[in-house]
Amino acid sequence: MSKSVLITGVTRGIGRACAFKFAQEGWNITGSYVSSTAVAEQLEQEIRKTGVQCRCIQADIRDTASVRRMALLAQANFGTPDAVVCNAGIAQQKMFSDITEEDWDTMFDVNTKGVYRVIQAVLPQLLDRQSGSIVTVSSIWGQTGGSCEVHYSASKAAVIGMTKALAKELGLSGVRVNCVSPGVIDTDMNRMHGEDIMQALAEETPLGRNGQPEEVADVIYWLASDQSRFVTGQVLGVNGGFYI
């Protein structure tokens, strides 16, 4: 029987790369997206050409009812997911003095509470089966802090704390929880920095370049799969040595 994965934020960047990686390994995929229906439908078609099933569901991780509906549909389509990848997130560059309460609340509502909502919705299924792998996606700035991204850094640091605490709480129930912490990855989100800054960040990286979404997806898949069956509560940096 084919395994299945639930991936949030599946239509671009790391989420999209994850969809193709899991498909390559023979997993059926449920993915969430917010508004890009045409892109989601195209992704479904591309994934199905690989020989597995893919269903993209419109779901806003800021909305609890929407997330619960997504979890139920994922189970109806492919059964209880073997893995959950909490990838969806947002970023914003602002001086701390310019961050409004709305900016702060929105950042945490998506990046931190969004992870909480997704895990809360799917966890009863995993506990009922007494198995499963949850992979959260933080950021190097959640480990080191990023200038002009205080609210983003704080929201991603909270994801790391959530991951470690959940790993301790869920271990005896057969559910593993780990975190991937990407460095500077060539995605739409990071392109807001501009070409000059991206080049400067590449030069600061010991491997001499920025990462690709597929390189993060490879690590996420490893954590989700049985290849890492004795790994839980860990934060794996995919950053080219930028932070050691």
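Biologist: What should I know before I start?

Modeller: The model is predicted, so local features need pLDDT of at least 70 and side-chain atom pairs count only at pLDDT 80 or more, while totals for chains, interfaces and linings use all residues. Residues are numbered from 1 along each chain as its sequence is written, and side-chain values use heavy atoms, with hydrogens and water left out.

Biologist: At what angle do the axes of helix H3 and helix H5 cross?

Modeller: Helices are DSSP runs of H or I with at least four residues, strands are E runs of at least two, and both are numbered from the N terminus. Axes are lines fitted to C-alpha atoms, for helices over the stretch in contact, with angles from 0 to 180 degrees between N-to-C directions. Here H3 (residues 64-78) and H5 (residues 113-129) cross at roughly 35°, their axes coming within 9 Å.

Biologist: Which residues of H3 and H5 make the contact?

Modeller: Contact means heavy atoms within 4.5 Å. On H3 they include Thr64, Val67 and Met70, and on H5 they include Arg117, Val118 and Gln125.

Biologist: Is Asn28 buried or exposed?

Modeller: Buried means under 20% relative accessible area, exposed over 50%, and partly exposed in between (1.4 Å probe, protein chains only). Asn28 has a relative accessible area of 12%, so Asn28 is buried. Asn28 is found in strand E2.

Biologist: Which residues does Asn28 touch?

Modeller: Leaving out residues up to four places away in sequence, Asn28 touches Ser2, Lys3, Ser4, Val5, Val52, Gln53 and Phe78.
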